[in-house]
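I opened the notebook to record, entry by entry, what I looked up in this structure. The order follows my own reading.

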Amino acid sequence: MKDQLQALEKEALQKVEDASSLKELQDVRVAYLGKKGPITEVLKGMGKLSKEERPVIGELANKVRGQVAEAIDSKKAGIEAAELEKQLAEETIDVTLPGRPIPTGGPHLLTSIVEEIEDLFIGMGFEVREGPEVETDYYNFEALNLPKDHPARDMQDTFYITDEILMRTHTSPVQARTMNMIKGERSVKMICPGKVYRRDTDDATHSHQFTQIEGLYVDKNVRMSDLKGVLDRFAKQMFGEDREIRLRPSFFPFTEPSVEMDISCKVCNGEGCSVCKRTGWIEILGAGMVHPRVLKMAGYDPEEYSGFAFGMGPDRIAMLKYGVDDIRHFYTNDIRFLKQYHQA
Amino acid sequence: MFVSINWLKNYVDIDQISPEDLAERITKTGIEVDGLERFANKVNNVVVGYVEACEKHPNADKLNLCQVNVGEETLQIICGAPNIAKGQKVAVAKPGAVLPGNFKIKKAKLRGVESNGMICSLQELGVEEKFVPKEFANGIFVFPEDAETGTDVTELLNLDDIIIELDLTPNRSDALSMLGVAYEVAAILDVPIRLPHTNYHAAEEKTEDHVSVKVEASEQNPYYGAFLVKDVKVGTSPLWMRNYLMAAGIRPINNVVDITNYVLLEYGQPLHAFDYDKFGSTEVVVRMANEGETIVTLDDQERTLSSEHLVITNGKEPVALAGVMGGADTEVSDQTTSVLLEAAYFDGKTVRKASKEFDLRSEASTRFEKGVDPNRVRKAGEKACLLLEKYAGATVLAGISEFDQLEYSEKTVTIWTSTINARLGTDISNEEIADILRKLHFNFEQDDETFTVYAPTRRQDIVIFEDMLEEVARIYGYDNLPFTLPSGGSQAGGLTKQQELKRHVKRFLEGAGLSETVTYSLTTKDRATQLISPEVAKDLVSTVSLAMPMSEEHSTLRLSLLPEMLASVAYNLARKQSNVAYYELGSIFISKEEKVSQQPEEKLRLAGALTGEWLTHPWQQEKKSVDFFVVKGILEALFDSLSVKVNFVQEKVDGMHPGRTACLYIGDRAIGFAGQIHPQVQKEYDLKDTFVFDIDFDYILEVHENEPSFAGIPRYPSVTRDIALVVDETVQAGAIQATIAEAGGELVKDIQVFDVYQGEHLTEGKKSIAFSLFYQDPSRTLTDEEVEASYQAILAAVADQHQAELRG
């Protein structure tokens with residue numbers, strides 16, 4: 001029986017070796033290890049053996065069984081791996097083919113700039129306020145120290161709807177409205193972005209509609225050096241840490257003193273080039289200390305409170321920052337233009 | 001204001017600083033310099049020549065053969081100018097000279113005759129045509145007789161002058177005069193200022209014997225001074241004066257006009273010269289015009305006046321529109337011998353009104369509008385008399401006939417060093433402040449840190465403390481202010497919930513594939529009334545239009561974002577950009593009045609327009625054009641993200657495809673619409689199939705629930721049952737779904753349409769809709785019985801309400 005088992009083992013292992021598919025391998029398993037298989041047959045015949053032989057043959061039979069089973073498992077793993085490999089090889093794709101596109105959109109460049117500026121001032125403790133685009137003469141002009149017949153009204157050509165109602169020419173009326181609401185009872189630290197309108201003929205550098213962001217900080221003991229500090233931080237974050245700012249005198253009816261802020265030209269680093277008209281400086285915004293009459297009209301005591309205000313044009317800033325050569329691009333909405341600024 | 005450096009040098013020493021540096025200092029300290037330009041260019045080898053002989057060229061009719069003495073030699077030069085003549089002093093470019101435009105002068109032969117140079121016009125020397133005196137405009141320039149032969153013309157013609165162009169802000173009208181600029185420069189550079197004298201020789205004869213002055217409108221005309229000059233010889237003004245005028249951008253005319261212009265520029269005080277013999281009386285009466293009264297002004301236009309216009313009259317009729325323009329009848333001409341010279345102070349508002357109304361802005365009116373210096377009115381008249389005496393051979397009569405109620409005193413402003421420092425954030429000393437005031441030539445009294453400043457009348461802009469704060473700050477230098485950050489309250493900045501929500505919506509739509517647009521709020525009257533959402537149109541009374549639009553194109557406020565957006569889409573289609581997906585968040589303007597008397601209501605709308613292909617992926621055979629459901633899918637996802645429940649109800653909207661448009665509702669409240677643009681409207685806009693939406697965003701902000709609460713993750717399995725129903729083709733899926741939801745009970749958590757079929761295997765006029773129903777109970781596992789019960793209830797309900805049959 002021993003010889004018989006050993007012969008069976010040899011035979012079975014050979015068949016395992018020869019099997020080339022999982023099916024063949026399964027046949028071998030059934031043939032040799034199944035209930036009707038030869039090894040089982042051998043074991044069935046064990047009753048005829050002597051007491052001494054029984055455990056020896058039994059052990060041998062189990063060993064043979066084990067070895068055949070192990071060989072089958074190992075062969076099976078091998079075949080499975082080969083088949084998987086074959087399947088995977090067949091599944092190979094051309095990864096250089098184009099992907100399935102997803103529709104992509106993005107913000108308007110002006111929105112990106114406005115939000116960037118908003119976030120920057122929010123970081124300095126400012127809140128964002130909004131107001132109507134159609135304003136009263138009072139809030140657009142009079143509350144800002146621009147009485148009717150004031151020569152400075154010429155600086156801003158206005159779209160009137162009636163004598164008293166107009167398209168706002170700046171977002172400063174939002175400041176006047178906010179201060180009026182607070183009635184001089186506490187400090188105000190705000191920026192107001194929005195659309196504004198002027199009687200201009202549209203060309204490369206003028207638009208009858210454009211965007212403005214104005215800022216206001218009114219509190220006890222606000223100093224002009226604070227204005228300079230805040231604007232310097234703004235300029236450096238917006239245009240780069242190596243930008244310098246300078247203030248020079250200007251005039252706005254709602255501030256006194258009034259200044260304009262220039263930043264050193266990025267193109268030539270202040271050396272003078274065609275972008276900065278050889279001055280080394282580029283005008284970015286207007287600012288100043290809030291005029292005491294404006295404070296008074298809004299209910300603040302100018303002896304106790306002081307403040308600064310500033311105003312800038314995101315259109316112009318976008319043009320400078322991204323080299324946009326025509327302001328009309330912002331309002332034409334050519335998809336090719338818009339998409340250029342969708343990248344973060 | 002154009003400031004000639006050479007002219008300026010008469011009042012302040014600026015030789016130690018380059019014009020570029022000076023311009024930079026002026027810009028940084030007070031007035032923005034807009035540009036720095038050379039008047040012309042320095043030329044070499046161009047000298048004054050004396051035309052000793054001038055004959056016709058032997059071979060050419062239009063040319064002359066001249067012998068010109070240029071100092072050390074006499075040159076034979078051929079000249080084609082019509083005004084060349086023997087005895088003239090002219091500008092001669094000698095061989096070797098290089099004229100503007102790199103025009104090199106060489107010896108040449110013209111029609112067989114040698115020519116050794118060129119006699120020049122001012123234009124050829126680089127002077128702008130518009131400044132060249134008319135008499136020389138079409139020929140060569142002729143020097144006054146006293147020009148020395150052989151002298152270089154560069155200096156003589158002021159060709160090397162540099163012009164600083166000042167961009168004046170409305171408060172700095174003091175710099176509308178050379179003296180004002182001189183004070184500014186003196187303060188900046190801390191150099192002394194030299195003021196011109198005005199002493200003329202008065203004749204014995206008295207002005208008051210020939211002219212009287214009466215002012216009936218003293219508020220509008222607090223000062224009127226009349227000077228009388230006789231024996232005037234109208235002619236050419238001196239070369240230096242003409243040079244300065246040209247440099248300042250004014251074309252020389254004749255000595256009388258040039259002198260009034262020169263004084264205007266020097267003092268900032270406009271003057272007017274009347275021909276005394278044509279004045280028509282011996283009395284000057286200043287009054288408000290009579291309603292309907294007329295005057296023919298210098299530009300030969302008849303102007304009809306009203307009682308708001310101030311006029312100078314001869315007691316009978318107007319002879320000038322005060323401060324704006326003189327009358328044609330009394331204009332100074334070549335024949336004028338006696339001049340009545342007006343030096344007056346006219347109220348700015350009155351002048352502004354007239355100049356604006358008649359569109360007659362001039363150097364004179366601009367200055368009156370901004371307010372002239374009371375202390376220079378009479379002085380300017382005196383200076384003009386001095387110049388007329390010197391350069392027009394005039395005899396100036398003694399005294400001035402005048403009306404005078406003008407306020408001459410200086411305003412006092414008190415400043416304190418400590419307050420200045422507190423406002424600027426500086427540490428300026430009392431001494432520094434005193435020094436700044438001295439540089440500015442402001443009189444003041446000092447008591448320790450208190451300064452009482454007497455603001456000179458030339459600086460009408462200085463009235464209150466803050467005005468002086470600015471003076472101190474700018475002379476101290478803004479560069480010298482420290483950088484500080486506000487010390488006051490550390491309030492946290494941030495966006496409001498609504499502002500954050502706006503950003504969320506923008507990012508969401510951008511992520512969904514839409515590009516943001518910004519379109520104009522002002523549109524055409526037509527477009528303003530198109531595609532208005534029904535809930536907006538409902539209580540609309542009229543559109544809001546500008547009183548005086550620049551063009552019809554931008555005349556009326558929009559009531560929908562869509563028309564301008566569609567125009568943008570069409571713009572892209574016309575440029576072969578056929579796939580466009582846009583959204584915009586912006587205001588519309590609703591007035592509920594027939595005639596606007598209040599601000600219109602501004603409502604924030606969220607609108608979008610999509611056209612072309614939504615997805616193109618050719619090699620995997622995927623292609624999807626934009627359709628209603630693309631738009632609806634985006635909106636549904638958006639509303640989901642905002643946790644608002646919006647219903648789409650099939651309705652008709654003007655301008656929209658009648659079968660492919662839905663109105664949107666939150667509960668009973670209409671909030672906008674979505675759908676396809678009506679094919680006819682698409683055609684008008686040059687569009688292909690375009691799908692749009694327009695939503696009341698203010699309302700979304702209002703109803704949006706902010707903080708979502710945690711609902712837990714379901715722990716028990718859900719059961720899915722599918723149900724396919726056959727119904728009439730007119731029955732809407734939404735209606736069936738509503739019935740299912742109601743009949744199915746609380747256990748039905750979600751209902752999804754997974755198939756819609758019409759055609760073969762179905763009776764005509766019928767369609768089949770298949771739904772997946774998701775049952776779930778968060779607290780336990782469902783039994784088959786309860787799901788089945790719900791399912792049967794649903795079947796009964798849809799059969800009852802929609803005659804729906806289970807598809808076999």
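**Entry 1: domains and conventions**

I began with chain B, for which the assignment gives domain 1 (2-39 + 162-189), domain 2 (46-156), domain 3 (202-404), domain 4 (411-477), domain 5 (497-703) and domain 6 (719-806); these bounds come from an automatic or database domain assignment. I note that this is a predicted model, in which local features need pLDDT of at least 70 and side-chain atom pairs count only at pLDDT 80 or more, while totals for chains, interfaces and linings use all residues. For bookkeeping, residues are numbered from 1 along each chain as its sequence is written, chains are lettered from A and ligands numbered from 1 in the order in which they are written, and side-chain values use heavy atoms, with hydrogens and water left out. Chain A is divided into domain 1 (2-91) and domain 2 (109-340), and I read 89 Å between the C-alpha centres of these two domains.

**Entry 2: chain B against chain A**

I looked up the contact between the chains (heavy atoms within 4.5 Å) and found that 91 residues of chain B and 93 residues of chain A take part. The buried area, that is, the accessible area (1.4 Å probe) that two parts lose on being put together, summed over both, is about 7,600 Å² for this pair of chains, with 54% of it from carbon and sulfur atoms.

I then turned to charge pairs, counting as a salt bridge a side-chain nitrogen of Lys or Arg within 4 Å of a carboxyl oxygen of Asp or Glu. The rule finds 8 salt bridges across the interface of chain B and chain A, and one of the pairs I checked joins Glu130(A) to Lys502(B), with the closest N and O atoms 2.7 Å apart. Polar contacts (a pair of N or O atoms within 3.5 Å; within protein, one must be able to donate a hydrogen and the other to accept it, and residues adjacent in sequence count only if both atoms are side-chain atoms) link 42 residue pairs across this interface, both residues being at pLDDT 80 or more. On the side of chain B that touches chain A, helix H13 (residues 497-511) of chain B supplies the largest share, 7 residues; helices (H or I, at least four residues) and strands (E, at least two) are DSSP runs, numbered from the N terminus. That side of chain B divides into 34 nonpolar, 33 polar and 24 charged residues, where Ala, Val, Leu, Ile, Met, Phe, Trp, Tyr, Cys and Pro count as nonpolar, Asp, Glu, Lys and Arg as charged, and the others, Gly among them, as polar.

**Entry 3: domain 1 against domain 4 in chain B**

I found the C-alpha centres of domain 1 and domain 4 of chain B 22 Å apart, with 9 residues of domain 1 in contact with 9 residues of domain 4. About 860 Å² is buried between these two domains of chain B, and on the domain 1 side Thr29(B), Tyr183(B) and Ala187(B) lose the most area, together 54% of what that side buries. Which salt bridge does Arg474(B) form? I find Arg474(B) paired with Glu184(B), the closest N and O atoms being 2.6 Å apart, while the rule finds 2 salt bridges across this domain interface. Helix H4 (residues 178-189) of chain B gives the largest share of the domain 1 side, 4 residues.

**Entry 4: sheets and a strand-to-strand salt bridge**

I took two strands as paired if DSSP finds at least two bridges between them. One open sheet of chain B has 4 strands in the order E42-E43-E41-E44, with antiparallel pairing, and its edge strands are E42 (748-757) and E44 (805-806) of chain B. E42(B) and strand E43 (residues 766-775) of chain B pair over 8 bridges, with Val756(B) opposite Ile769(B). Elsewhere in chain B, strand E3 (residues 46-57) runs antiparallel to strand E4 (residues 60-69) over 7 bridges, and the two form a hairpin with 2 residues between them.

Last, I looked at chain A, where Glu260(A) and Arg248(A) meet in a salt bridge at 3.0 Å, N to O. Glu260(A) lies in strand E7 (residues 255-264) and Arg248(A) in strand E6 (residues 245-252) of chain A, so the pair ties together parts 12 residues apart in sequence.
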